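Me: I have a model open and would like to walk through it with you. Could you take it piece by piece?

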Amino acid sequence: MNGKANCQGYTDAFYMLGRMCGLNVDSVGGFAWNREGYGGHAINTIEYDGKIYYVDVTWDDLEVNGVQHPQYVYFNASYGLIGQDHFWSEWVTPPDSAMELDSNYYFMTPEKDATHFGVTKNDTQSAAEWLVNDKITNGISEQEIMIPSRGDAGNFGSDLSNAVRSAGLNCSTSYYRIDMGRYIYYIVMFSD
């Protein structure tokens, strides 16, 4: 009601809105690691195309230096991703969920109604090429992408610059890199 909540408030709000939309959404409790250690934490699950995915709306509502910067790291995440820093007690069985990221991984861009499914690539070169192609095709200025850690050799910046140059784009790029354990998550901005 006042624009503020702990994880239970975020989870309850997502549950209510999802159910109102007719989606199979549920709430689950467990624990999560953060910079201060670990503690109790509530998140959601959502079913899509017969598979269960995790949603942690709380952790995706990121605040950096007092400025809100929503991210979509934990939006329709697999167990392989959420299990990096979220866990359940030994007597609780986590939901039977998609084990790895697949074509149902979802994120949203700041442009109105611009959404993507299935944006996971196996290496930095194919990720950079996809991002540039999507910029050309859809004009999206901020994008997000996941790459398995084994496909990220620290070449993302040069691969992105090469893809921009090869496509003949006249723009600059910047990006945030978030190490998620088994996956690297990039938020990429194009500036014309």
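**Walking through the model**

Reply: Let us start with a tyrosine: Tyr54 sits in strand E3, residues 51-55, where strands (E, at least two residues) and helices (H or I, at least four) are DSSP runs numbered from the N terminus. This is a predicted model, in which local features need pLDDT of at least 70 and side-chain atom pairs count only at pLDDT 80 or more, while totals for chains, interfaces and linings use all residues. Residues are numbered from 1 along each chain as its sequence is written, and side-chain values use heavy atoms, with hydrogens and water left out.

Me: Is Tyr54 buried or exposed?

Reply: Tyr54 counts as buried because its relative accessibility is 0%; buried means under 20% relative accessible area, exposed over 50% and partly exposed in between, with a 1.4 Å probe and protein chains only. In sequence Tyr54 and Asn44 are 10 residues apart, and their C-alpha atoms are 5.8 Å apart in space.

Me: And Asp56, where is that found?

Reply: Asp56 is in the loop between E3 and helix H2 (57-60), and with a relative accessible area of 0% it is buried. Its side chain reaches the backbone nitrogen of Thr58 at 3.2 Å, which is a polar contact, that is, a pair of N or O atoms within 3.5 Å; within protein, one must be able to donate a hydrogen and the other to accept it, and residues adjacent in sequence count only if both atoms are side-chain atoms.

Me: Which residues does Asp56 touch, not counting those up to four places away in sequence?

Reply: On that basis, Asp56 touches His41, Ile43, Tyr74 and His86, contact meaning heavy atoms within 4.5 Å.

Me: OK, tell me about His86 then. Which strand does His86 lie in?

Reply: His86 lies in strand E7 and counts as buried at 2% relative accessibility. Leaving aside neighbours within four places in sequence, the residues in contact with His86 are Phe31, Ala32, His41, Ile43, Asp56, Trp59 and Tyr74. The side chains of His86 and Asp85 are also joined by a polar contact of 2.7 Å.

Me: What else does the side chain of Asp85 make a polar contact with?

Reply: The side chain of Tyr74, at 2.6 Å. Asp85 is found in the loop between helix H3 (79-82) and strand E7 (86-87), and it is buried, with a relative accessible area of 15%.

Me: Switching topic: what is the phi of Asn76 near?

Reply: Phi of Asn76 is near 60 degrees, which is a positive value in a residue other than glycine. Asn76 is in strand E6, residues 75-77, and counts as buried at 7% relative accessibility.

Me: Now the helices. At what angle do H4 and H5 pack?

Reply: Helix H4 (residues 124-138) and helix H5 (residues 156-167) pack at about 40 degrees, with axes 8 Å apart; axes are lines fitted to C-alpha atoms, for helices over the stretch in contact, and angles run from 0 to 180 degrees between N-to-C directions. H4 and H5 are therefore oblique to each other, since angles under 35 degrees count as roughly parallel, over 145 as roughly antiparallel, 65 to 115 as roughly perpendicular and the rest as oblique.

Me: Which residues meet there?

Reply: Among them are Leu131, Val132 and Ile136 in H4, and Phe156, Leu160 and Val164 in H5.

Me: And how many helices and strands are in the protein chain?

Reply: The secondary structure comes to five helices and 12 strands, and buried residues make up 42% of the 192 residues in the protein chain.
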